[in-house]
Every structure is written in C-alpha cells, then in structure tokens.
Amino acid sequence: MNNADDTSFGSKANSIGSNSDLLQSCYICLENLRKNQTSIHCNCDAVFCDSCLGAYVRLQITEGRWKVECANCSSLMPEDLIQKFLQDYPLLQDHFNRLVIDAQRDPLAKTCPNCCAQNRVKNQRAKQVTCHECQFIWCFRCHAPWHKGLTCKDFKRGSKMFKKWTKGTTRGVANARPCPKCKVFIQRLEGCDHMSCPRCRTSFCYLCGERIRHSKLLGGHWSIYSVLGCKAIYKKNQPVQRKLIRGCLLGIVLITLPVMAVMFAAASPMLGIFYLQKYIRKR
C-alpha cells in the first residue's frame, strides 16, 4: 500500500513538474503564462505575453516610431510581427505604413489619399493610379484625386481659386457654405436660409454657417435675443454688443427661474389652506 501511495504521489509530482515547465514569465507583467501565450522575437530570449507586447508595439507606433526596438534590448522587431499586433487596429496600421513609406522614401510607393492603402507603380512616370483596395483613382505625382486634362499645377491653382470663391459674396450673400459637420461646400440657389446637407443630413443656417439648434428654455436659432440665435440677424457687425445683450437676457432668465420656483413653493401651502377652507365652507 505504501509503495502504491508513493508511486501515485511521484506521478503527480512529475505531472506538476511537467506543467510548470510549460509556464514562462512575461518580462513586462511578470505573469506566468503558457508558451502558446508568449512571444520571443529577438536574440535576448526575453519572453513577452501577447497582450503586453501588443500594447508596447501600439504605443511605439502612436509615438511615431516605425522602428520598434525590443523592450529588453536594442534589437529591432521584425515588421511581420509588428503587423500581427496591428491587424485589429486599422488606423494604427495605416499610420505605421505611412511612417515606413515616409522613412524609406520609396519613390515608387505612396499611400492612397482615400483609404491610406499602400500602392506601388512600375516607374516614376506613372500618373494615374487606381487603388487596389478602394478602387479610388488618384494622381501619383500630386497625391490628389485624378484630374483628367489638367496638369497638377493647374489643378492646385483651380483648388485655390475655388476656395477663394467660396469665401466671397454675391449681393451680400456667401457664394457657398461648408457643412459644419462633414465640411462639404453647399451653394444655395433659391429658397430659405435653413439648409440640409445632402451628405450627412445636418441642418445649418446659410446666413451664419452654424448648426441650427432649438431649446425650449433658451429659444431657437431664429430668435433674435436667444444665445442660440443666428448671429447674422441681430447686430451682425457688432458681435460684442450682441453677445453682451443675449448673455444678459440669459442671465436674467436663469436668475428668475429659481426665484419663481421658490415663490411658488412658498405660496403652495397658503393656496392649499385657502382651497381647503373654501371646500369646508361649502360642506
């Protein structure tokens, strides 16, 4: 019996010892983890758990480092391992790809201006590029949307002229207004000043270019004395006076409401007694 007990205890000890051999300590968090939960990526044999190493890699990319050094030594981590920890973070992955391209200054590779995917061309004479990810057509030379029939210089000049035109006015009305949310320019040809962006459905005022907001307490966008009111319908050229008057009126409202609430609370018992006496007299 004793031999059997000793044998069984020895087998348990061996199994525990074999399990302990599978555990490794993470260099960062010092937790004991199994081998399939850890990574060894350089010659220093430092062991890291995937969560700690992934957080470390993403921090380095966020800080603008495309060459990520080992957290234990100065050796560089391979790019495929970095990409592994960026798979679930597309924005960081795009940022990393841009850092690599900008650092290496590869004349035949640029990122798509629409989706940031890396695109390569066969030679430096290439102009029109179709992104292999989003199928967006763009100019490889000036990194702008494809401008058929226009040189890059003329396209940029036209863009500057358009921006200058949007800032101008015709008969006292702006030529175009950018949507306050998606920034797409909208031109009003006819109708009222209440605009609705066809792209994001944001309601805004064509006179001032700001969103239209309404409040039961503060008033609406078309109220002259409301703090939410349009700045173009009341003292347009006197912004200080407009803000001062609207602010004072708002202060009066905010002060009056608590006073009225206190007066109503104080008068409620008296009104209750009055109506109670009136009811008793009728009985």
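This report describes a predicted model of one protein chain, going from the whole chain to single residues.

## Basis of the description

Because the model is predicted, local features need a pLDDT of at least 70 and side-chain atom pairs count only at pLDDT 80 or more, while totals for chains, interfaces and linings use all residues. Residues are numbered from 1 along each chain as its sequence is written, and side-chain values use heavy atoms, with hydrogens and water left out.

## The chain as a whole

The secondary structure of the protein chain comes to 6 helices and 14 strands, where helices (H or I, at least four residues) and strands (E, at least two) are DSSP runs numbered from the N terminus. Of the 283 residues in the chain, 25% count as buried; here buried means under 20% relative accessible area, exposed means over 50%, and partly exposed lies in between, using a 1.4 Å probe and protein chains only.

A contact is defined by heavy atoms within 4.5 Å. Among the contacts in the chain with a separation of 6 or more, residues 24 or more positions apart account for 23%.

## The annotated transmembrane region

An unreviewed UniProt entry lists residues 249-276 as "transmembrane region". UniProt positions are given in the numbering used here, feature names are shortened, and annotations may be inferred rather than shown by experiment. In the model, the span 249-276 is 100% helix and 0% strand, and its end C-alpha atoms lie 39 Å apart.

## The largest pocket

The largest pocket has a volume of about 180 Å³. On a 1 Å grid over the protein atoms alone, a pocket is an open set of points where a 1.4 Å probe fits, with protein on both sides within 12 Å along at least five of seven lines, whereas a cavity is a set of points from which the probe cannot get out; lining residues have an atom within 4 Å of a point. Grid points are joined across faces, edges and corners, and the volume is the space filled by probe spheres set on the points.

Residues that line the largest pocket include Glu210, Arg211, Arg213, Lys231, Arg242, Lys243 and Arg246. The lining divides into 3 nonpolar, 2 polar and 7 charged residues, with Ala, Val, Leu, Ile, Met, Phe, Trp, Tyr, Cys and Pro counted as nonpolar, Asp, Glu, Lys and Arg as charged, and the others, Gly among them, as polar.

## Aromatic pairs

A search of the whole structure finds 2 aromatic pairs. Tryptophan 138 and phenylalanine 140 form a tilted pair, 6.0 Å centre to centre and with 35 degrees between the planes. Rings of Phe, Tyr and Trp (its six-membered ring) pair if their centres lie within 6.5 Å, and planes under 30 degrees apart count as stacked, over 60 as edge-to-face and the rest as tilted. Both tryptophan 138 and phenylalanine 140 are buried.

Tyrosine 225 and tyrosine 234 form an edge-to-face pair, with 5.4 Å from centre to centre and 70 degrees between the planes. Tyrosine 234 counts as buried because its relative accessible area is 13%.

## Residues around strand 13

Aspartate 193 is placed in the loop between strand 12 (185-186) and strand 13 (194-196), and it is classed as buried because its relative accessibility is 19%. Not counting residues up to four places away in sequence, aspartate 193 touches Arg188, Phe204, Cys205, Tyr206, Leu207 and Trp222.

Threonine 202 is in the loop between strand 13 and strand 14 (203-205), and cysteine 200 also has its place in the loop between strand 13 and strand 14. Threonine 202 is buried, with a relative accessible area of 9%, whereas cysteine 200 is partly exposed at 23%. Leaving aside neighbours within four places in sequence, cysteine 200 is in contact with Cys179, Lys181 and Cys182; the C-alpha atoms of cysteine 200 and lysine 181 are 7.6 Å apart in space, although the two residues are 19 apart in sequence.

## Two residues with positive phi

Glutamine 135, which is not a glycine, has a positive phi of about 65 degrees. Glutamine 135 is found in the loop between strand 7 (128-130) and strand 8 (137-139), and it counts as exposed because its relative accessibility is 52%.

Lysine 235 has a phi near 50 degrees, a positive value in a residue other than glycine. Lysine 235 lies in the loop between strand 14 and helix 6 (239-282) and is partly exposed, with a relative accessible area of 29%.
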